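Welcome! Here is a short tour for anyone meeting this protein for the first time. Have a look at the sequence and the model, then read on.

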Amino acid sequence: LAVYWLRGYAGGLFLPFRDGTSGAETYGAGRYLLDTAKSADLGGDPANGTLVIDLNFAFQPSCAWDPRWACPLAPPSNRLHARVEAGERLR
């Protein structure tokens, strides 16, 4: 999965992804796993280049709840065919 560094917004790490639940049990455009601006960063060790990833913390983007928001989409490299049955779901 590709992880991004946001310079705008509030800065920090960002990891958008889609999976086999997108569009049925979760928001169709995908969910987010890391968003430092929303305190959804579990840490890691920058000196060793590690990052803690826990799919139980996956959450719906703001645009899932309000069409006034515009949300970044998951790039092709972050589109998983497998179902991620963890984290926040719509149903």
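## Overall layout

Strands here are DSSP runs of E with at least two residues, and helices are runs of H or I with at least four, each numbered from the N terminus. Please keep in mind that this is a predicted model. The protein has 5 strands and 0 helices, and reading along the sequence gives the pattern β-β-β-β-β.

How much of the protein is buried? Of its 91 residues, 32% are buried. The protein exposes about 5600 Å², with carbon and sulfur atoms supplying 55% of that area. As for contacts between residues at least 6 apart in sequence, 60% of them join residues at least 24 apart.

## A nonpolar patch

Val 3, Leu 51, Ile 53 and Leu 55 make a nonpolar surface patch of about 280 Å².

One of these patch members, Val 3, sits in the segment before strand E1 (4–6). Val 3 counts as partly exposed because its relative accessibility is 36%, a value between the 20% and 50% cut-offs.

## Around Glu 25

Now for a look at one loop. Glu 25 lies between strand E2 (12–17) and strand E3 (31–35). Which residues does Glu 25 touch, leaving aside its neighbours within four places in sequence? They are Arg 83, Arg 89, Leu 90 and Arg 91.

Two of these come with polar contacts between side chains: Glu 25 pairs with Arg 83 at 2.5 Å and with Arg 89 at 2.4 Å.

Key: Residues numbered from 1 in each chain as written. Predicted model: local features only at pLDDT ≥ 70, side-chain atom pairs only at ≥ 80, totals over all residues. Heavy atoms only, no water. Patch = residues over 30% accessible without salt bridge, like charges linked within 9 Å, V, L, I, M, F, W, Y side chains within 5 Å. Areas by Shrake-Rupley, 256 points an atom, 1.4 Å probe, with all protein chains shown as cover. Salt bridge = Lys/Arg side-chain N within 4 Å of Asp/Glu carboxyl O. Buried < 20%, exposed > 50% of the residue type's maximum accessible area, 1.4 Å probe, protein only. Contact = heavy atoms within 4.5 Å. Polar contact = N/O pair within 3.5 Å; in protein donor to acceptor, adjacent residues only side chain to side chain.
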